[in-house]
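Subject: Structure handover

Hello,

Here is the structure for your files. My notes on what turned up follow below it.

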Amino acid sequence: MAARTKTTAKPRPAYRCTECGNQLPKWVGRCPECNAWGTVEEYGAVPIRTTAAGPVSSPAKPIGQVDGQVATARTTGVPELDRVLGGGIVPGAVVLLAGEPGVGKSTLLLDVAAKAASAQHRTLYVTGEESAGQVRLRADRINALSDHLYLAAESDLGAVLGHIEAVNPGLLILDSVQTIASAELDGAPGGPAQVREVAGALIRASKDRGMATLLVGHVTKDGQIAGPRLLEHLVDVVLSFEGDRHARLRIIRGVKNRYGATDEVGCFELHDEGIAGLADPSGLFLTRRDKPVPGTCLTVTLEGRRPLVAEVQALMVDSQIPSPRRTTSGLESPRIAMILAVVERHGGVKLGKQDIYTATVGGVKLTEPSADLAIALAVASSSSDTPLPSNLVAIGEVGLAGEVRRVTGVQRRLAEAHRLGFTHALVPPDPGKVPAGMTVVEVADIGEALRAIPGRRRGPAKPRGEAAGAPAAGARAARPAVVPAAVPAIPEELMEGWEPVDSDELR
């Protein structure tokens, strides 16, 4: 029998990106990791290696025999954060919290570190951006001091792992992952290779020790998490911390969650003494007034599965320029332009020569279409200088044909409005079960919605200088009016003490 000759495969050349260090089996024009052009170069030959079977850390078991108690969630001490995490943080879980600079990430996590620390579960807070003295000053300001909270200022991965060995914490908070670097890799902190190595080392330490880890992540100018996209795949939970730095409201949204739902949000209020959770944040989005004013309407929006009552405002003034202004704050400009066109075409409200300003109250951003009907009513209310009832909410999406469409969670929205004391609502047809004691008026289109408001049924006031029944000079002949079907109006007791004011009287 002839002897068999073992042949060794020729090593293949390897390529590496000089920008991020990503290794590739062949040359490409653009690095798929950092999207840089012309940075991939050949740097040598990688020997072909095969992995042999090795010893296992623990034998495989039937899934029914695996102990699930070790993965029971533990509270962080902040109920709003627990809501987003799915009841608390799971031992061994790695959570990535990302947000813009100044939104309050460090303040929130320092508060979490102090409240979650106990004799059985120590907390280790590692900062790579500030000194230990700076963090202590913030802790004094927000009263986040605990004997079981340990603080370290490090920027080297080896030193962070050494602190973990010495303290043996149950919760690790790292602020931030982009500021830690490994001495075994080339490149500055925050680079794709460094972020990948730091995250991988901390994830392995968390899983081996059953230690929960909260990582702070930076974001780019377009709102994306800085670093390789692999970071979001490695961690168990990804949270987005949102909020306008000029407003008090802060919202945490779940982007990815292996232990709970991703449609939950947590609401916080940022103030001088720190940050506090808001169990009922609707009060931030409402304006308290003694009597209704024109140009305002209330709606109920859903942030995840959480209903929030919000107020939209509209202001119309005569334009002094050929192209009237259309300014929005907290609302989407394309959506506002569409609603204004529908109100003018199907609602009979003249808007062509008016500057229109629309905004929300409290810094909330309304992006879902359920606020369309409230925006349309606020515009119509400002146009006719007619205030809407203060105990009325409007819910519904407005289409280009003027129809009012159904939105998700109508019953949940109505229940929240009823809980806050609102007694009447304008909704699309077939809203489902209505809370007891609440009057709901179903409207099929924008015309019915405007006619259902007290004071709007008389029709718009005639312009000054025109005789009754005579068209203005040079104006086109008006089309015959279409008499719509009768629409049930809101009871007059809503407007007790309200006297309609014509536009002619204001002039």
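A residue counts as buried under 20% relative accessible area, as exposed over 50%, and as partly exposed in between, with a 1.4 Å probe and protein chains only. Helices (H or I, at least four residues) and strands (E, at least two) are DSSP runs, numbered from the N terminus. This is a predicted model, so local features need pLDDT of at least 70 and side-chain atom pairs count only at pLDDT 80 or more, while totals for chains, interfaces and linings use all residues. Residues are numbered from 1 along each chain as its sequence is written, and side-chain values use heavy atoms, with hydrogens and water left out.

Strand S13 (296–303) is mostly covered, with eight of its eight residues buried. On one side Thr296, Leu298, Val300 and Leu302 are buried. On the other, Cys297, Thr299, Thr301 and Glu303 are buried too. In general, side chains in a regular strand alternate between the two faces of the sheet.

S13 runs antiparallel to strand S14 (residues 306–318), joined to S14 by eight bridges. Two strands pair if DSSP finds at least two bridges between them. Threonine 296 stands opposite glutamine 313 in S14. The hairpin of S13 and S14 has two residues between the strands, and glycine 304 takes a positive phi near 70° there.

The nine-stranded sheet

An open sheet of nine strands shows mixed pairing, in the order S6-S5-S7-S8-S4-S9-S10-S11-S12. Strand S6 (149–153) and strand S12 (274–277) are the edge strands, each pairing on one side only. From one strand to the next, the twist averages 20°. Axes are lines fitted to C-alpha atoms, for helices over the stretch in contact, and angles run from 0 to 180 degrees between N-to-C directions.

S10 and strand S11 (residues 265–271) pair in the antiparallel sense over five bridges. Isoleucine 251 has cysteine 267 in S11 as its bridge partner. Helix H2 (residues 105–116) packs on the sheet, and its direction makes about 155° with that of S5. Helix H4 (residues 157–167) lies across S5, S6 and S7, at about 165° to S5.

Serine 106 is in helix H2. Serine 106 is buried, at a relative accessible area of 16%. Contact means heavy atoms within 4.5 Å. Leaving aside neighbours within four places in sequence, serine 106 is in contact with Tyr125, Arg138 and Asp175.

Pocket and cavities

On a 1 Å grid over the protein atoms alone, a cavity is a set of points where a 1.4 Å probe fits but cannot get out; a pocket is an open set with protein on both sides within 12 Å along at least five of seven lines; lining residues have an atom within 4 Å of a point. Grid points are joined across faces, edges and corners, and a volume is the space filled by probe spheres set on the points.

The second largest pocket holds about 670 Å³ of space. Its lining has 34 residues, and Ser240, Phe241, Glu242, Gly243 and Arg253 lie nearest its centre. S4, S9, S10 and S13 each supply at least two residues of that lining.

There are three cavities of 30 Å³ or more. The largest cavity has about 60 Å³ of space. Helix H7 (333–346) and helix H8 (372–384) each supply at least two residues of its lining. Leu331, Arg335 and Asp372 are among the lining residues.

Best wishes
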